[in-house]
Amino acid sequence: MTIQTVATKLFAGQRPGTSGLRKKVTEFQQPGYLENFVEAIFLTLGDCSGRTLVLGGDGRFYNRTAVQTILRMAAAHKVAKVLVGRGGILSTPAVSCVIRKHGAFGGIVLSASHNPGGPDGDFGIKYNIENGGPAPEKITEAIYAHTQSLTGYRISDAGPVDLDRIGATQLEEMAVEVIDPVADYAELMARLFDFDAIRALFGRGFTMRFDGMSAVSGPYAKAIIEGMLGAPAGTVINAEPREDFGGHHPDPNPVNAAELVALMNGADAPEFGAASDGDGDRNMIVGRNLAVAPSDSLAIIAANATMAPGYRAGIKGIARSMPTSQAADRVAEALGISCFETPTGWKYFGNLLDANLATLCGEESYGTGSNHIREKDGLWAVLFWLNLIAASGKSVNQLVQEHWARFGRNYYSRHDYEAVDAASADKMMVDLRAKLASLAGQSFGDFRVAQADDFVYTDPVDHAVASKQGIRIIMSDGSRIVLRLSGTGTEGATVRVYLERYEADPSRHDLDTQEALAPLIAIAEQVSELKQRTGRKEPSVIT
Ligand code: G16
């Protein structure tokens, strides 16, 4: 076995986006493409000797190939030990958990999350730091800079490691330990939640359906919900991770998880429905005839957090991404704690969690989590809801309705215009930005614009400034229109329009969401000229 330096050509466009580098599989398959990015990670990390790295992914097409390549490159960079999930599998929250538990210096996560998988689908790679969370911008920018200047990559010519057998092996001087991908994570969940109460709930015949969407959370959900909590076999469906996600689009929202939503709206609906995404960090919570808005889910978890053993002592603060509804802000106010508003991207929560300024974090994009790890966590959110149901004796619907009655309802929706022409989308944002100053004070029907700006975030811990994080049009009654371009798409541009309206009156809490938001939808269109600029008549996805 020898370690070689292979000369390489540079690739443009290797700048990590909202969550790592995401591209078409075919792009990653170009000779040197993956290797260059991994080399750039190692060059950024510096001396790796004596250190442990965690490695795993969501099992999508190209996962196994990439794991073998990264192992050979890690050995060439003198990493002391790699913990790799069996079969190359580790959910994103499990990577975070394993990094923290084993004191690793970081981890490489292979996933394009909710983006479709398969040979024609997407692949992705992301670096997580010592605290278990996504690398902050100063590190991702350093990685990017290396991708633009490196001349070669270092790699061992050793043969493949057997990823399917748990245990320790050696690659060059490096120890490789193939670990059970579920064990450490399951042990953490059992400490946070009242497993006895949930087991008793299932013992009383409580019915649930968890859709793994043929992605990575299936094995975790099966082991925990059916195995440890005693839910009947068949509670977890689509539980086997597939390289192409069995054709599912593993983005848990009412559009992609339509089968689950139809079940929950039908006559034989179970009491609780849930789904997770490609890499296991997103969640969808569904009651009978009710898909819970992720922003509401965060607020409800926060308001009832002390029902779960891991949060008995109360929460320090809440953090939400800027486009996420302000439902959580009302809970924070009632609890007398801070609510932080960050840009989109889970990486912005890391400092707040490390500094113990926030305990719970959430995003409208079906992401919720806490200080137990440094990633959002799909199954954690599902277990939190099971704990709330078991401890309160209330259904999902009761918990939601009682929350609205107490705090008011933030009607909320996101409209996505996917794969539109990137130049037109950029131009639309530039022109809209130019209009912002003149929007303040203008009236549109019943709404008056109180503030219009492009969101700038100053991290309260390290004072790093992130600008151009989304255009906000805030009305005098607190209603909001937010527009931003996605940082995770791989085709053209995706324009996201976020709409929010507050309703205090309980007699008006059962309106259709799109109807409740119709005036704001019209204003968003008028101000941005979205349809005209993108040539689209309607959004591709409404959540
Ligand atoms: C990632 C980030 C999230 C973000 C989401 C959507 O999620 O971790 O913080 O909300 O992308 O980002 P965008 O609107 O830029 O597409 P995931 O689950 O894809 O890793």
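The legends below describe close-up views of a predicted model.

Local features need pLDDT of at least 70 and side-chain atom pairs count only at pLDDT 80 or more, while totals for chains, interfaces and linings use all residues. Residues are numbered from 1 along each chain as its sequence is written, and side-chain values use heavy atoms, with hydrogens and water left out.

**View 1. Residues around the ligand.** The ligand has 19 residues around it, and those that come nearest are Glu363, Arg484, Gly487, Thr488 and Arg496 (near: a heavy atom within 4 Å). By class, this shell holds eight charged, ten polar and one nonpolar residue (Asp, Glu, Lys and Arg count as charged; Ala, Val, Leu, Ile, Met, Phe, Trp, Tyr, Cys and Pro as nonpolar; the others, Gly among them, as polar).

View 2. Oxygen atoms of the ligand lie 2.6 Å from a polar side-chain atom of Arg484, 2.8 Å from one of Arg282, and 3.3 Å from a polar backbone atom of Gly345 (polar contact: a pair of N or O atoms within 3.5 Å). The protein buries 98% of the 460 Å² that the ligand exposes when taken alone (Shrake-Rupley method, 1.4 Å probe).

**View 3. An aromatic pair.** Among the 15 aromatic pairs of the structure (ring centres of Phe, Tyr or Trp, its six-membered ring, within 6.5 Å; planes under 30 degrees apart stacked, over 60 edge-to-face, the rest tilted) is that of Phe28 and Phe123. Their ring centres are 5.1 Å apart and their planes at 80 degrees, so the pair is edge-to-face. Phe28 belongs to helix 1 (residues 25–28) and Phe123 to strand 6 (residues 122–129), so the pair ties together parts 95 residues apart in sequence (DSSP runs: helices H or I, at least four residues; strands E, at least two; numbered from the N terminus).

Definitions and conventions: Polar contact = N/O pair within 3.5 Å; in protein donor to acceptor, adjacent residues only side chain to side chain.
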